Amino acid sequence: MPGSQRLGRSGTSPISWSEDVFRGGSQGHHEIGGSRHGYYAGLICTYSIAAPSDRLRRVHEIELAGLEAALEAVRPGRTCSERSSV
């Protein structure tokens with residue numbers, strides 16, 4: 001599978017190009033993916049044109065807390081049943 005690049009709107013899966021214009025408060029989503037020897041990886045970046053809204057800041061804090069909890073749950077040495085109980 002070759003690598004791919006997509007630009008879409010944050011909060012949606014990658015979407016088709018449009019003639020929409022970025023304005024202050026717009027959000028962008030950039031995703032680059034690739035594979036090597038059957039292993040796949042993706043790098044995703046979401047950004048805001050100008051200062052992000054309060055809602056976007058709150059969503060970011062909630063997502064960050066979820067990510068930190070997930071990383072703690074899958075730390076080395078933990079069994080699958082311990083991970084599932086978190």
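1. His37 takes a positive phi near 55° in the hairpin of β2 and β3, a hairpin with two residues between its strands. The place of His37 is the loop between β2 (27-36) and β3. Strands here are DSSP runs of E with at least two residues, helices are runs of H or I with at least four residues, and both are numbered from the N terminus. His37 is not a glycine, although its phi is positive at about 55°. With a relative accessible area of 66%, His37 is exposed. For such labels, buried means under 20% relative accessible area, exposed means over 50%, and partly exposed lies in between (1.4 Å probe, protein chains only).

2. A word on what you are looking at: this is a predicted model, in which local features need pLDDT of at least 70 and side-chain atom pairs count only at pLDDT 80 or more, while totals for chains, interfaces and linings use all residues. Residues are numbered from 1 along each chain as its sequence is written, and side-chain values use heavy atoms, with hydrogens and water left out.

3. Now the overall layout. The protein chain holds two helices and three strands, and from the N terminus on its elements run β-β-β-α-α. Of its 86 residues, 7% count as buried. The accessible surface comes to about 7,200 Å², and carbon and sulfur atoms own 57% of it. These areas come from the Shrake-Rupley method with a 1.4 Å probe, and for residues only the protein chains shown count as cover. Among contacts in the chain with a separation of 6 or more, 30% are between residues 24 or more positions apart; contact means heavy atoms within 4.5 Å.

4. How many bridges join β2 to β3? The two strands run antiparallel and are joined by ten bridges. For reference, two strands pair if DSSP finds at least two bridges between them.

5. β3 deserves a look in the viewer, as the strand is hardly covered: among its ten residues, the count of buried ones is zero. Ile44 sits in this strand, which spans residues 39-48. Is Ile44 buried or exposed? Ile44 counts as exposed because its relative accessibility is 52%. Leaving out residues up to four places away in sequence, Ile44 touches His29, His30 and Glu31. The C-alpha atoms of Ile44 and Ile32 are 6.5 Å apart, with the two residues twelve apart along the chain.

6. Ala50 is another residue to check for its backbone: its phi is positive at about 75°, although Ala50 is not a glycine. Ala50 is found in the loop between β3 and α1 (54-73). At a relative accessible area of 54%, Ala50 is exposed.

7. Ser26 lies in the loop between β1 (4-8) and β2. Ser26 counts as buried because its relative accessibility is 16%. Which residues does Ser26 contact, leaving aside neighbours within four places in sequence? They are Val21, Tyr47, Ser48 and Ile49.

8. The side chains of Arg75 and Glu72 meet in a salt bridge, with 2.6 Å from N to O. The rule is a side-chain nitrogen of Lys or Arg within 4 Å of a carboxyl oxygen of Asp or Glu, and by it the count comes to one salt bridge. Arg75 is partly exposed at 36% relative accessibility, and Glu72 is partly exposed at 45%.

9. Finally, Leu64, Leu67, Leu71 and Val74 make a nonpolar surface patch of about 350 Å². Val74 lies in the loop between α1 and α2 (80-84). Patches are made of residues with over 30% relative accessible area and no salt bridge, joining like charges within 9 Å and nonpolar side chains (Val, Leu, Ile, Met, Phe, Trp, Tyr) within 5 Å.
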